[in-house]
Amino acid sequence: MDEIIIKSGKTFRSMFLAAAHDAPELTGSGICGFDVLSGREFSTHVVLEENASADIPVLIMPGADTRMDFRIELAGPGASCRLFGLYLCPDTENVTINVELFHRVHHCSSHQLFKGIVSGKARTGFYGRIVVDPDAQVTEAYQENHNLLLSDTARVDTQPQLEIYADDVKCSHGATIGKLNEDEQFYMRSRGIPENEAKVLQMVSFISSVLDILPEGNGREKLAAYVEHAVRTSF
Amino acid sequence: MENDILLKIEGLRARVEDKEILKGVDLTVRKGETHVVMGPNGAGKSTLSSVLAGKPQYTVTDGAVTFMGRDLLKMSPEERSWAGIFLSFQYPVEIPGVSITNFMKTAVNSRRKALGEEPLTAAAFLKLMKEKMALVQMRQEFAKREVNVGFSGGEKKRNEIFQMAMLDPVLSILDETDSGLDVDALRIVAEGVNTLKTPEKATIVITHYQRLLDYIVPDIVHVLKDGRIVKTAGKELVAQIEEQGYDSIN
């Protein structure tokens, strides 16, 4: 496992992208990161010292089979981490995301938000474990995983796991698996928006809360266009 | 004259789940006419508008509906919209994450594409939005709001009339538009509807109460009771219902 230590007061920003093809349209967007090609397993271990912070977006595109393991330790007071991402699996993809997030000391915060759109015969799994050590008082740890399951033959697994040993903490987790709202679709169609376009609007709106976490600007716009194009043409 | 007929409903029967609601409805709407369909709760008013709009949960079991000579029942909801039908919903749905601007731009350009026209440029579209928002007295900041999310009842209804102005339909069906509106909003909705009226278009107002009809004057009034139209007359029928109730109509 690669180990990355974020020194006191520093910020780490890096995107993990798994895609079946290169993404030249993202060049110059200011989003730097590790490109993980399809079919690989990828593990990363991040340790944050005092007042260090990490922003880690994850993007798994159609056609990519991947397993990503994240082990994140908040080891110094005041450390914070945001781990967030999307997985788009329209066909036969096999995607697993494992997160192990440790609050070792007091006054740290972590936020996780993953959303997936899963269809065809794809299989995805999100396994998110948060451990709050006994000395990690005044901890804030939040985790959410929301999925759209769009076919009878696809499969989504979502498994949050909280182990909390301190008592002055704010922790929550949420996991949902749902489908696209048909009343919304009918309303849009009654205004002349064709059925497949209505579904695209719904899917783009579903993933927008994840993209909105990225800093505003050219990078986010390019990424949003890249993702929206994939949603429009793959589902 | 036959080519003045926009909508012709003959012997329409429809059910939702196992319950038959419409039991043989006949209705003909010609260009330039304003029709009102009134009736007690449970008569089938919302079922009628849902069937005309093509809502999936409703099944037509008998009868025919033609719109401008075309078989309406064979058309998808979007095809009916492109053909020129607009339904203003009784309970408009919220669409989180989709702005009014994005929603309307997609609707307007989808229609243009279906009719073989070029999409509007961004500038032309914004101009159209501004114009129609002003027409229905909708504040400009609503353009960025998510469709109907957090809107009051009156704001939702005004949004329906705004969409009608943007899409410029031939036949507008207003489903219980006056429920949940205060008097000022009522007047604005009615003004919007009256402003959009032309001799080439028609409107069907579906309502339980008489209030809206103080502002939108009907040409023809129908009473829908137990799934059938039991009486058709002029606007004097409205006063009779208000004074004597639906039981007096047979």
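Modeller: Buried means under 20% relative accessible area, exposed over 50%, and partly exposed in between, with a 1.4 Å probe and protein chains only. This is a predicted model, in which local features need pLDDT of at least 70, side-chain atom pairs count only at pLDDT 80 or more, and totals for chains, interfaces and linings use all residues. Residues are numbered from 1 along each chain as its sequence is written, chains are lettered from A and ligands numbered from 1 in the order in which they are written, and side-chain values use heavy atoms, leaving out hydrogens and water.

Colleague: Is Cys81(A) buried or exposed?

Modeller: The cut-off for buried is under 20%. Cys81(A) has 2% relative accessibility, so Cys81(A) counts as buried.

Colleague: How many disulfides are there over all chains?

Modeller: A disulfide is a pair of cysteine sulfur atoms within 2.5 Å. For Cys81(A), the nearest cysteine sulfur is that of Cys108(A), 10 Å away. Over all chains the count of disulfides is zero.

Colleague: What is the strand order in the open sheet of six strands?

Modeller: Strands are DSSP runs (E, at least two residues), numbered from the N terminus, and two of them pair if DSSP finds at least two bridges between them. The pairing in this sheet of chain A is parallel. The edge strands, each pairing on one side only, are β1 (2–6) and β13 (155–164) of chain A. The order is β1-β5-β7-β9-β11-β13.

Colleague: Which residue in β13(A) is the bridge partner of Arg129(A)?

Modeller: Strand β11 of chain A, residues 123–132, pairs with β13(A) in the parallel sense over ten bridges. In β13(A), the partner of Arg129(A) is Gln161(A).

Terms used: Helix = DSSP H or I, 4+ residues; strand = E, 2+ residues; numbered from the N terminus.
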